[in-house]
Amino acid sequence: QVQLVESGGGLVQSGGSLRLSCAASGRTFSNYAMGWFRQAPGKEREFVAAISWSGAGTYYLDSVKGRWTISRDNAKNTVYLQMNSLKPEDTAVYYCATDSRPGRTISRLSRDQTIYNYWGQGTQVTVSS
């Protein structure tokens, strides 16, 4: 049974920073790309960032490029999302997910939610203005 557990969310002022973590268990974490998604109230869930199994490849939503960094520590079975310069429009529930196929390279396809087969429960991020 694969489990993904997010943590690190909270309330922060505009311009502040948070680091989200996603701890994985249940299969060989290092074989799979990982993604972060978010869902704001009244909106559909959207892609935020993805990282390849090795960490060498990353892909970002345009609006977070240069502000946020996705990384992973395969020894700790954990993927991170460092979020700097937060804005009120970043307020959402943030989810991590694991790719369904081992060894897949990062590409535009990484934005597609259907390639991910396990999801965490989400962590709330609220950015006040």
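Is Trp 68 buried or exposed, and what is its relative accessible area? In this predicted model, Trp 68 is buried, with a relative accessible area of 2%.

The structure holds six aromatic pairs. One of them joins Phe 37 and Tyr 116 in an edge-to-face arrangement. Phe 37 belongs to strand 4 (residues 34-39) and Tyr 116 to strand 10 (residues 116-119), so this pair ties together parts that are 79 residues apart in sequence. Both Phe 37 and Tyr 116 are buried.

Trp 68 has a ring partner too: with Tyr 94 it forms a tilted aromatic pair. Here strand 7 (residues 68-73) supplies Trp 68 and strand 9 (residues 92-99) supplies Tyr 94, so the pair ties together parts that are 26 residues apart in sequence. Tyr 94 is buried as well, with a relative accessible area of 0%.

The geometry of these two pairs looks like this:

| Pair | Arrangement | Centre to centre | Angle between planes |
|---|---|---|---|
| Phe 37 and Tyr 116 | edge-to-face | 5.1 Å | 80° |
| Trp 68 and Tyr 94 | tilted | 6.0 Å | 55° |

Phe 37 and Tyr 116 are also part of a cluster: ring pairs link them with Phe 47, Tyr 59 and Trp 119.

Rings meet charges here as well. The charged end of Arg 27 sits over the ring of Tyr 32, 3.6 Å from the ring centre. Arg 72, in turn, lies over the face of Phe 29, at 4.3 Å from the centre of that ring.

Methods
Residues numbered from 1 in each chain as written. Predicted model: local features only at pLDDT ≥ 70, side-chain atom pairs only at ≥ 80, totals over all residues. Heavy atoms only, no water. Phe/Tyr/Trp six-rings, centres within 6.5 Å; stacked < 30°, edge-to-face > 60°. Helix = DSSP H or I, 4+ residues; strand = E, 2+ residues; numbered from the N terminus. Buried < 20%, exposed > 50% of the residue type's maximum accessible area, 1.4 Å probe, protein only. Lys NZ or Arg CZ within 6 Å of the ring centre and 35° of its normal.
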